Amino acid sequence: MSNTKGTVIVLSGFSGAGKGTIMKHLLNTYPGQYALSVSATTRERREGEEEGREYFFRTVEEFENMIREHELLEYASFNHNYYGTPKAYVEKLVNEGKDVILEIEVQGALQIKKIFPQSLLLFVTPPKANILKRRLEGRGTEDSEVVNQRLAIASRESLLMEQYDYIIVNDVLEDAVKSVHNIIQSEKKRALRNSEFIHRIQDELQAFSKGEN
Ligand code: ADP
Ligand code: 5GP
């Protein structure tokens, strides 16, 4: 899988750090440049969320069936719900040369790194912990008990931040969006990710030097 055409990009971060907001702006600011993987989950649909847009909402039985049928690239349990990445869609996009973004939590991110060693792992964080609490409360989608659970999870997740390739501090939204875009575009220029191009130009130059052109 290391010779994939498109790049697999993982965007993780504490709940409430701004991953969804960054993704929305990234897709709007750079239309057609990135494809977003849509996950399956057993959690309840929030107001405003649509089946197949934010998630594929599934029952536990349906989700466990997807696991048994090997339909998921990775999956994890987060706050008593299953979340997983449907395999077929991501593989199709990557083979078409698209840069695919997976907005997933840390356990899943580390599974993806094993499957796609050249994947790029980005971690979104607010500048300070108290801002995370404020954003979670401000979003108003979870009650205070769930907010506290998510803050406790954030504390555990923070221990894995060093396994990521880049840390995105989401202070001013526009700057964070630009950072994500710039990092991805720079990473795509790495020699290691361009072996096909390098070999082609080497072959062309060799042909020149042998007087074949
Ligand atoms: P996540 O997807 O990481 O759980 P969201 O994208 O839902 O987080 O963001 C959580 C809340 O924080 C939302 O209400 C969002 O509007 C707000 N938010 C996101 N980024 C910023 C930012 N840079 N400055 C201020 N508020 C933000
Ligand atoms: P939320 O309930 O706020 O939408 O998501 C909770 C957490 O699950 C977030 O950290 C989000 O990134 C993560 N998540 C969403 N989809 C997936 C997935 O397919 N796999 C994994 N491992 N985590 C996911």
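This talk walks through one protein model and the surroundings of its two ligands.

Let me start with the ground rules. This is a predicted model, so local features need pLDDT of at least 70, side-chain atom pairs count only at pLDDT 80 or more, and totals for chains, interfaces and linings use all residues. Residues are numbered from 1 along each chain as its sequence is written, chains are lettered from A and ligands numbered from 1 in the order in which they are written, and side-chain values use heavy atoms, with hydrogens and water left out.

First, the overall picture. The protein has eight helices and nine strands. Those are DSSP runs, numbered from the N terminus: helices are H or I with at least four residues, strands are E with at least two. The C-alpha trace spans about 75 × 40 × 30 Å along its principal axes. Of the 213 residues, 42% are buried. Buried means under 20% relative accessible area, exposed means over 50%, and partly exposed is in between, with a 1.4 Å probe and protein chains only.

Now ligand 1. Which residues are closest to ligand 1? They are Gly-16, Lys-19, Thr-21, Arg-139 and Asn-170, out of 13 residues that surround the ligand. A residue counts here if one of its heavy atoms lies within 4 Å.

Next, polar contacts. The term means a pair of N or O atoms within 3.5 Å; within protein, one must be able to donate a hydrogen and the other to accept it, and residues adjacent in sequence count only if both atoms are side-chain atoms. Arg-139 puts a polar side-chain atom 2.8 Å from an oxygen atom of ligand 1. Arg-135 has a polar side-chain atom 3.3 Å from a nitrogen atom of the ligand. Leu-173 comes in through its backbone: an N or O atom there lies 3.5 Å from a nitrogen atom of ligand 1.

How much of ligand 1 does the protein cover? On its own, the ligand has 570 Å² of accessible area, and the protein covers 72% of it. These areas come from the Shrake-Rupley method with a 1.4 Å probe; for residues, only the protein chains shown count as cover.

Which elements build the shell around ligand 1? Those giving two or more residues are α1 (19–29) and α5 (129–139). The largest share, three residues, comes from α1. By class, the shell has three nonpolar, six polar and four charged residues. In that scheme, Ala, Val, Leu, Ile, Met, Phe, Trp, Tyr, Cys and Pro are nonpolar; Asp, Glu, Lys and Arg are charged; the others, Gly among them, are polar.

A closer look at Arg-135. This residue is in helix α5. Arg-135 is partly exposed, at a relative accessible area of 27%. In sequence, Arg-135 and Tyr-164 are 29 residues apart; in space, their C-alpha atoms are 23 Å apart.

On to ligand 2. Here 16 residues form the surroundings, and the closest are Ser-39, Arg-43, Tyr-55, Tyr-83 and Glu-105. Arg-46 has a side-chain N or O atom 2.9 Å from an oxygen atom of ligand 2. Gly-84 has a backbone N or O atom 3.0 Å from a ligand oxygen. For Thr-85, a polar backbone atom is 3.3 Å from an oxygen atom of ligand 2. Taken alone, ligand 2 exposes 510 Å², and the protein buries 96% of that.

The classes are five nonpolar, four polar and seven charged residues.

Now some backbone geometry. Most residues other than glycine have a negative phi. His-70 is not a glycine, yet has a positive phi of about 55°. His-70 sits in the loop between α2 (60–68) and β5. At 59% relative accessibility, His-70 counts as exposed. Asn-79 also has a positive phi, about 50°, and is not a glycine. Asn-79 lies in the loop between β5 and β6. Is Asn-79 buried or exposed? Asn-79 counts as buried, at 19% relative accessibility.

Last, Ala-88. Its place is in helix α3 (residues 87–95). At 60% relative accessibility, Ala-88 counts as exposed. Ala-88 and Leu-73 are 15 residues apart in sequence, and 8.3 Å apart in space, C-alpha to C-alpha.
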